[in-house]
Amino acid sequence: MLNDTSSVLNLLRTRKSASAKAMTEPGPSPAQIAEILNLAVRVPDHGKLAPWRFILWEGEARAAFGEVMRARWQALHPDHGAETLDAMRALFLRAPAVLGVVSTAADHPKIPVWEQQLSAGAVCMNILTAATALGLGCQWNSDWVAYDAEMARAMGLSPPERIAGLIYLGTPASPLEDRPRPDAGALLTRWSAP
Ligand SMILES: Cc1cc2nc3c(=O)[nH]c(=O)nc-3n(C[C@H](O)[C@H](O)[C@H](O)COP(=O)(O)O)c2cc1C
């Protein structure tokens, strides 16, 4: 059984992302969004910098942002046809809600940027766990949108802010299937003195 919420350990053992390509209504309620955000920020954060923030796309905003993505994709790839451009326009319409996690990591006298960025990754993971525990489907994506400077501006980011994740939230349109998981034991070495 995937996404077994009967206990914390069972959820961690069986957690499976949904696919943004197969997500439908209902999306998260306003109360669920608030709960997800409250759980998201409960992460290790060296220096208590809270080096992250959130952007939410819901309803009409997804379509409006779709026009921006389509136009930017066309500017980047003028040779691409209507089908690809329509797919870019529909990117955020695949799910009822898209939650952007912005890493606001910046140079700091004591806390390395790397550690601040890792904290943003932990935020993304907490969102997945929280959303799954609430019975939602979710997927942590980035896509080209997260790596394009023009799109960063369109999302309201200012350097050195970066997208850590664009997390699609909704209801899986079809049953989830697990994927092969790494053999954790094989990844472990025990250090011993040379
Ligand atoms: C930082 C990051 C960015 C990702 N971006 C994408 C993406 O753009 N498109 C995609 O299909 N999967 C992306 N993934 C992978 C999926 O989130 C995830 O690995 C997949 O849904 C498998 O589900 P699981 O969480 O059950 O292993 C990304 C993962 C991470 C950690």
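**Helix packing**

Author: The protein has six helices and five strands, where helices (H or I, at least four residues) and strands (E, at least two) are DSSP runs numbered from the N terminus. This is a predicted model, in which local features need pLDDT of at least 70, side-chain atom pairs count only at pLDDT 80 or more, and totals for chains, interfaces and linings use all residues. Residues are numbered from 1 along each chain as its sequence is written. Along the sequence, the elements follow the pattern α-β-α-β-α-α-β-α-β-α-β.

Now to the packing. Two packed helices are described by the angle between their axes and the distance between the axes. Axes are lines fitted to C-alpha atoms, for helices over the stretch in contact, and angles run from 0 to 180 degrees between N-to-C directions.

Take helix 2 (residues 30–40) and helix 5 (residues 113–133): their axes come within 8 Å and cross at roughly 140°. That makes helix 2 oblique to helix 5; angles under 35 degrees count as roughly parallel, over 145 as roughly antiparallel, 65 to 115 as roughly perpendicular and the rest as oblique. The crossing of helix 2 and helix 5 is right-handed. A crossing is right-handed if the near helix is turned clockwise from the far one by less than a right angle, and left-handed if anticlockwise.

On the helix 2 side, Glu35, Ile36, Leu39 and Ala40 meet Val123, Asn126, Ile127, Ala130 and Ala131 of helix 5. Two residues are in contact if their C-beta atoms, placed from the backbone, lie within 7 Å. By class, this contact of helix 2 with helix 5 holds seven nonpolar residues, one polar and one charged. Here Ala, Val, Leu, Ile, Met, Phe, Trp, Tyr, Cys and Pro count as nonpolar, Asp, Glu, Lys and Arg as charged, and the others, Gly among them, as polar.

The other pair is helix 3 (residues 60–76) with helix 4 (residues 82–89), which pack at an angle of about 140° with their axes 7 Å apart. Helix 3 and helix 4 are therefore oblique to each other, and their crossing is right-handed. From helix 3, Gly66, Glu67, Met69, Arg70, Trp73 and Gln74 meet Leu85, Met88 and Arg89 in helix 4. The contact of helix 3 with helix 4 has four nonpolar, two polar and three charged residues.
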